[in-house]
Amino acid sequence: MSRNLSEFIRQLGTDPASQDPEFLRVRNSAPEFIQAANDSAQFERMLARAVAVPVPEHVLADLKETARTTTGGATRWRYYAMAAGLLLVITAAGITWRMSAVKFDSVEQYVAYHYHHDGEDVLARADGQSADNIGEVLSGFKVKLAPGLAGMVSLIKFCPTPAGMGAHLVVKTANGPVTIIFMPDTLVADGEMLAFDGMQAQLVGLGRGSAAVIGTSSQNVAELHYLVQSSFISPGSAA
Amino acid sequence: MSSEAWRQERFNALANAYGTDLYRYALWMCANDALAKDLVQETWLRAWKALDRLNSDAAGKSWLITILRREFARTFERKVPKFADVNTIEVREDSQSEPDDRVEIQLLRRNIQKLPPRYREPLLLQVVMGYSCDEIAQQLAISKSAVMTQLFRAREQLIQRLQQDGVTGNV
């Protein structure tokens, strides 16, 4: 016999479905090998069932629909050109790149970069309907939205922020859709206005963390300051 | 067929082939359904945008996993809020399972969540995505021998924990 039992068990634990002829031959070579192979097969069946968590029926349909309604290759070059332009700005500003992540020297740089990264795409994905996953996304941050602002949200998703994960929202306003980035662990100078590439943003201090309200230069994002500041509330609040 | 229709058809074929496995993989990575859906949607959106750069459909699976892992790294760049204790993660059960099976499966799911990421990820690539050891090594940019060690230790830990949980039988 060319290999011992412990060696065989190790291979079972590494690649139980191996079709290596020598492995297959050894499997049936002696009772203890057969027993080990049967034990492994039983465990693998259980493992396969454990990882095969049910997939919600709408997941596939949703992603196909999203792709169908999202601009594809036609605008890609514009997207790349914008990203390339931003890269130059970022390089000049001395921001440190590490792996796929970007570190920022300031909240202002983060807001501009993040909006460049996918701000327009996310706006395009918001279909104007009310989002039904607001609680699902915000509950992890121990915060909820007051009904007034919640009723205006047409899309909410997770996003990176300067200090961990946050949320990216699109809200419907009389002047068109506006982006709000919720940064649960980032402090900002409340009321500070930013401008970049025809966009404007206002930073809003919240009870917990902060937000950036981003719109075009023709949208008066400052008008939303009070609404935003008063709408990110703790889950225990009555509102 | 117009190029846009062909593009859509190609995308749908990828979604049909890998959509559910990618969601499962994301769910095991995130341990949160909302996060997993978000991650999967981001992955597919980036895939849709970059579809013309996928030279061969045979490379689709590893291409999608690469996008998903990159998005995961971007989203989880720093600290992640604690959405759920692994012990509270519940998934719908297969109604055909025997009650004893269900307990064992549930225990196994919790123990998979408790595996260190360096053990969990190769195991998920193998069991959920059907990767070979060579493919896992390539995807994770580590040696094949390291992959084999991690896969063995992952299973070893799962079996030990099941035995500690009182699951008998031949595991």
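Predicted model: local features only at pLDDT ≥ 70, side-chain atom pairs only at ≥ 80, totals over all residues.

Biologist: What are the scores of the model, and what does chain B average in pLDDT?

Modeller: The model has an ipTM of 0.86 and a pTM of 0.70. pLDDT is the predictor's confidence in each residue, from 0 to 100; chain B averages 83, and 83% of the residues score at least 70. In residues 81-89 of chain B the pLDDT is below 50, yet this stretch has 19 contacts in the model beyond near neighbours in sequence (contact: heavy atoms within 4.5 Å).

Biologist: Why is Ala126(A) called buried?

Modeller: Buried means under 20% relative accessible area, exposed over 50%, and partly exposed in between, with a 1.4 Å probe and protein chains only. Ala126(A) has 16%, so this residue counts as buried. Beyond four places in sequence, Ala126(A) is in contact with Ser154(A), Leu155(A) and Val170(A). Val170(A) is 44 residues away in sequence, but 6.8 Å away from C-alpha to C-alpha.

Biologist: What makes α6(B) and α7(B) roughly perpendicular?

Modeller: Axes are lines fitted to C-alpha atoms, for helices over the stretch in contact, and angles run from 0 to 180 degrees between N-to-C directions. Under 35 degrees is roughly parallel, over 145 roughly antiparallel, 65 to 115 roughly perpendicular, and the rest oblique. α6 (residues 133-140) and α7 (residues 144-164) of chain B pack at about 110°, with axes 8 Å apart, so they are roughly perpendicular. Among the residues that meet are Cys133(B) and Ile136(B) in α6(B), and Val147(B) and Leu151(B) in α7(B).

Biologist: How do you know that α1(A) and α7(B) are roughly perpendicular to each other?

Modeller: Their axes cross at roughly 90° and come within 7 Å, so the word is again roughly perpendicular. Ile9(A) and Leu12(A) are among the α1(A) residues in this contact, and Met148(B) and Phe152(B) among those of α7(B).

How values were computed: Residues numbered from 1 in each chain as written. Chains lettered and ligands numbered in written order. Heavy atoms only, no water. Helix = DSSP H or I, 4+ residues; strand = E, 2+ residues; numbered from the N terminus.
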